[in-house]
Amino acid sequence: MTYQQPPKAPKRAPFAFRLALAIWLIAEAAAFFGLAYLIGFVYTILIAVGTTVLGVALVTNAGKKSFRSARDYLNSGGDPSRELPNGYVIAGAVCLIAPGFVTDLIGLLLLFPPTRLLFRGLGRWIAASAPVMRFGGGDVIDGEVIGERSADDSRTGERNAGGMRTGERDFDADQPVKYGDTKNGPRSIDPGP
C-alpha cells in the first residue's frame, strides 16, 4: 500500500501585510459608513462613482501625456531608466478608481504637487526594492550555420504533373491564400471581403 502525502497548503502572506490589509479594510468601511451617516447613502454612492469617473479621466489624460513625453525623451536619446514624469499623477488616478474613500484621499494627495512630497520617499523605496529585470543571459551556445536556404532554392523544387511542388499539400504555395478557399488554405469563420 502506498502512502500519499496531503497537498501542501499555500504559503501565507506575511503578518505585516495581512495586518495592513485588515486595517485598510476596516478604515475603508468606517469611512464609507461615516460618510453615509453624515450625508446619506445615495450621496455617498454618487461621490464614490464620481471619484471613479474622475480617476478614469485622469488616467486617460495623464497616460497619454506620460507616453508622449516618454516617447519624445527616448527619441532624443534620453536614459530609459529615469523616473516616469507623471508617475504620481497616474498612481493618484488609479487610487481614485479603486473603490473606497481612504484610497480616494490618498489619490487626491498624490494629484497635487505640494502633497506629493509626502509620498516621494515611499516611491523611491518601492523603486529600490523592486527586483531588477534582466533579459537574456544564460548559456550561450556557439554554433555555425552550415547552409542557408535562399529564395531561389525554394522555387527550384520538383513539381508534379499538376504543377504543384512534391511533398507538399495539394495547393499552390505561390498563390495567396483566400478566405473560404478550401483549395488554397483552411476555411475561416470570417469570409473576409
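1. Basis. This is a predicted model in which local features need pLDDT of at least 70 and side-chain atom pairs count only at pLDDT 80 or more, while totals for chains, interfaces and linings use all residues. Residues are numbered from 1 along each chain as its sequence is written, and side-chain values use heavy atoms, with hydrogens and water left out.

2. Confidence. The protein averages a pLDDT (the predictor's confidence in each residue, from 0 to 100) of 75, and 66% of the residues score at least 70. Helix H1 (residues 15–39) has the highest confidence, at 93, and helix H6 (residues 151–155) the lowest, at a mean of 51. Where pLDDT is low, the predicted coordinates should not be read in detail.

3. Fold. The secondary structure comes to 6 helices and 0 strands, with the pattern α-α-α-α-α-α along the sequence. Helices (H or I, at least four residues) and strands (E, at least two) are DSSP runs, numbered from the N terminus.

4. Totals. Of the 193 residues, 16% count as buried; buried means under 20% relative accessible area, exposed over 50%, and partly exposed in between (1.4 Å probe, protein chains only). The accessible surface is about 16100 Å², and carbon and sulfur atoms hold 64% of that area. Accessible areas come from the Shrake-Rupley method with a 1.4 Å probe; for residues, only the protein chains shown count as cover. Among contacts (heavy atoms within 4.5 Å) with a separation of 6 or more, 36% join residues 24 or more positions apart.

5. Arg116. This residue lies in helix H5 (residues 113–129). Arg116 counts as buried because its relative accessible area is 18%. Leaving out residues up to four places away in sequence, Arg116 touches Tyr88, Val89, Leu109, Leu110 and Leu111. Val89 is 27 residues from Arg116 in sequence and 9.2 Å from it in space, C-alpha to C-alpha. The Arg116 side chain also reaches the backbone oxygen of Leu110 at 3.0 Å.

6. Thr44. Helix H2 contains Thr44, which is buried at 0% relative accessibility. The side chain of Thr44 reaches the backbone oxygen of Gly40 at 2.7 Å. Beyond four places in sequence, Thr44 touches Phe32, Leu35, Ala36, Ile39 and Phe101. Of these, Ile39 sits in helix H1 and is partly exposed, at 36% relative accessible area.

7. Nonpolar patch. A nonpolar surface patch, with about 1200 Å² of accessible area together, is formed by Tyr37, Leu38, Ile39, Phe41, Val42, Tyr43, Ile45, Leu46, Ile47, Val49 and Val53. H1 and helix H2 (41–75) each supply at least two of its residues, and H2 gives the largest share, 8 residues. Patches are made of residues with over 30% relative accessible area and no salt bridge; like charges are joined within 9 Å, and nonpolar side chains (Val, Leu, Ile, Met, Phe, Trp, Tyr) within 5 Å. A salt bridge is a side-chain nitrogen of Lys or Arg within 4 Å of a carboxyl oxygen of Asp or Glu.

Definitions and conventions:
Polar contact = N/O pair within 3.5 Å; in protein donor to acceptor, adjacent residues only side chain to side chain.
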